[in-house]
Amino acid sequence: MANPAAGGYSAELVGRLAARCRERLASVTVHRTTGRGDATAAVRRELAEGPAARRPSLVVAVGGDGTVHETAEGLRGLGDGAEAALLMIPGGSANSGYRTFWDDRPWEDALSMVLDGRATVRRVDLARLPEAGAHVLLGSCTGLGAQILAALRTARQAGTAPGAGRARYARLLAEAAADFRPYPGRVTVDGEVLAEGPTVLAAVGGGRYRAGQYLLLPRSEVDDGLLDVCVVGGRTDPALLPELARDARHLDLPDTAYGRGRRIVLERLDGRALVLEHDGELCDGTGTTATFDVLPGALPVWAAASGAGEPGNG
């Protein structure tokens, strides 16, 4: 799956990737997505149609975190005996998913490790978000973490989106933090209140990185059957958070709470809708509550062997 609209997409990248795959694989098909939901439909079609011997054993997503999410949705629910596993190739602006499994090694190295049998398939946990009828792969944020995507949407509509790549997210986050006001929130983990009060940010998920550079959930494991959650309270100056989150120093703040469980519930207590994103996309229409239920081992994903693609437990 290749998304021509992704921030880091290039025809050269896709051509080089396809050529390397054709050197080692019997059949390679390149599908360029044409709109929202196309990657999901294409993956399901390839896995369901035709003789079993010709169905793909490797599904590659070339794009950003949104493309990865759609491709994963197509693979979801195949079961433990499924042969097809997901390989992420960085072709977006932030590439949080790729960094989670491969750190910042070149994609050529990751592909070679997969084709040479030096990588491993991990059965990754997903989260079900019933309020949006969605599944979450990398994670979700509310508060300041989602506000940068709202700012990016506005800038794109106005034709003034600044820069590209991770630097764009860093700039937007700094601008959003300067004017951000905490919202009244509550976070519960398996029915127990973890945090309640003014909230700058609440992050939920399995991936450690967001926007490709912020280590919001440094203790998270993608396949432990649990969801991690980090809540930064209103006593923290939002303007300080971007730099602190680069190396997980936000965990040292006195009003930061960190938890882990099978069900995480985020609430906004003033009756206004949560500003929420998941997997790099704004999630509209969720209302005042977002519920995350873990789906253990729901997705096969190629990763560096022995956890070499993940950072240490900051």
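Analyst: Let's start with H278, which touches H69, L129, A134, H135, V136, G139, S140, R210 and C283, leaving out residues up to four places away in sequence. Touching, or contact, means heavy atoms within 4.5 Å. Before we go on, a note on what you're looking at: this is a predicted model, where local features need pLDDT of at least 70, side-chain atom pairs count only at pLDDT 80 or more, and totals for chains, interfaces and linings use all residues. Residues are numbered from 1 along each chain as its sequence is written, and side-chain values use heavy atoms, with hydrogens and water left out.

Back to our residue. H278 counts as buried because its relative accessibility is 9%; buried means under 20% relative accessible area, exposed means over 50%, and partly exposed is in between (1.4 Å probe, protein chains only). H278 lies in strand β13. Strands (E, at least two residues) and helices (H or I, at least four) are DSSP runs, numbered from the N terminus.

β13 (residues 276-278) has a partner: it pairs with β5 in the antiparallel sense, over 3 bridges. Two strands pair if DSSP finds at least two bridges between them. Look at T142, whose bridge partner in β13 is L276. T142 also stands opposite A202 in β7.

One of the contacts of H278 is H69, and H69 is among the buried residues of helix α3. α3 (residues 65-75) is mostly covered, with 10 of its 11 residues buried.

Now for another part: helix α1. This helix covers residues 11-24, so 14 residues, and reaches 21 Å from its first C-alpha to its last, close to the 20 Å expected at 1.5 Å a residue. The expected span is 1.5 Å times one less than the number of residues. In α1, the buried residues are L13, V14, L17, A18 and C21. Seen down the helix axis, they fall within an arc of 125°, so they line one face of α1; the arc is that of the directions from the axis to the C-beta atoms. Those buried residues pack against β1 (58-63), β2 (85-90) and α5 (107-115). Turn to the face pointing away from the buried side and you find the exposed A11, E12 and E23.

What else links α1 to the rest? A salt bridge is a side-chain nitrogen of Lys or Arg within 4 Å of a carboxyl oxygen of Asp or Glu, and the side chains of R16 and E108 form one at 2.5 Å, N to O. R16 sits in α1 and E108 in α5, 92 residues apart, so this pair links distant parts of the chain. R16 is partly exposed at 34% relative accessibility, while E108 is buried at 17%.

D116 is partly exposed at 40%, and R24 is partly exposed at 47%.
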